[in-house]
Amino acid sequence: MKAATWRNWSFWLLSFTTGLTIATIVSDNIELSPILAFGIAFVAVGVFVLGIASSAPYTGPKHAITFVFLAIFGLFTAPVLQHYLSSLLLCALINLSLCVCGSVTGAFIGYRIQYTWHLFWVAIVSSVVDLYSVFHSSGPSARLIEHPEALSLLTLAWPMWGSSDLVPILGVGDLVFAALYLSASRRHGLSLMRSLIGLAIGLFLTLISLYYFRRAIPALPFLGLGMLLAHPTLLTKAFAQK
């Protein structure tokens, strides 16, 4: 692991927490329409997710397990601490735990992807599973939406300016796959900038879909599409295999 990677990762984690704190403090003093407020919240979380995912360190199994264990411990203690912490501190604890768990897990898996064309099938399979999870009545995400307390432990939240609400924006799974795509890109020499632009386009399409349909929308199909648009050779390589 390069020290610079650890520094960058720590920088993004700290920036996310700091940004959350500042945005929450000033949210009550800024009057915005709900649509614009949600759009700003989505963009803020999206930028931090891509920053954290792009700088997630490569770790061995022992380090990965340690980080994930600490993150899960933080998530399990959150419900216990909710009576003692402010909503801001509780949200910061959950966000930080999810960022550590999601980015380390994604980078660990992505760095161990053997061939670049595997990313094509990762995009396809993850998209199908996420579509089922959100849109089918018995899907995990569809059921999770019905339980706000559980949802808050698995999604990155951000304040809605003009109110004191902290709303769920992106699930930890979206961070996992963003880190997976970016770590695989770094390992196999794919343009990291192209991958970031592709994922940013995917998040933008997710935001547009949320605005248009006004309901929960799976982000993984758009993230996968963004990666395939950024690297068209993934498709040709996948079907070139016998």
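User: By class, what does the lining of the largest pocket have?

Analyst: A pocket here is an open set of points on a 1 Å grid over the protein atoms alone, where a 1.4 Å probe fits, with protein on both sides within 12 Å along at least five of seven lines; lining residues have an atom within 4 Å of a point. Ala, Val, Leu, Ile, Met, Phe, Trp, Tyr, Cys and Pro count as nonpolar, Asp, Glu, Lys and Arg as charged, and the others, Gly among them, as polar. In this case the lining has 21 nonpolar, seven polar and four charged residues. Of the 32 lining residues, Ser141, Leu151, Thr155, Gly171 and Ile217 lie nearest the centre.

Keep in mind that this is a predicted model: local features need pLDDT of at least 70, side-chain atom pairs count only at pLDDT 80 or more, and totals for chains, interfaces and linings use all residues. Residues are numbered from 1 along each chain as its sequence is written, and side-chain values use heavy atoms, with hydrogens and water left out.

User: And which residues lie nearest the centre of the second largest pocket?

Analyst: Leu90, Ile94, Pro148, Glu149 and Ser152, out of 21 lining residues. By class, that lining has 14 nonpolar, six polar and one charged residues.

User: Which residues of α8 meet α9?

Analyst: Contact means heavy atoms within 4.5 Å. Ala178, Tyr181, Leu182, Ser185 and Arg186 in α8 meet Leu192, Ser195, Leu196 and Leu199 in α9. Sorted by class, this contact has six nonpolar, two polar and one charged residues.

Methods. Helices (H or I, at least four residues) and strands (E, at least two) are DSSP runs, numbered from the N terminus.
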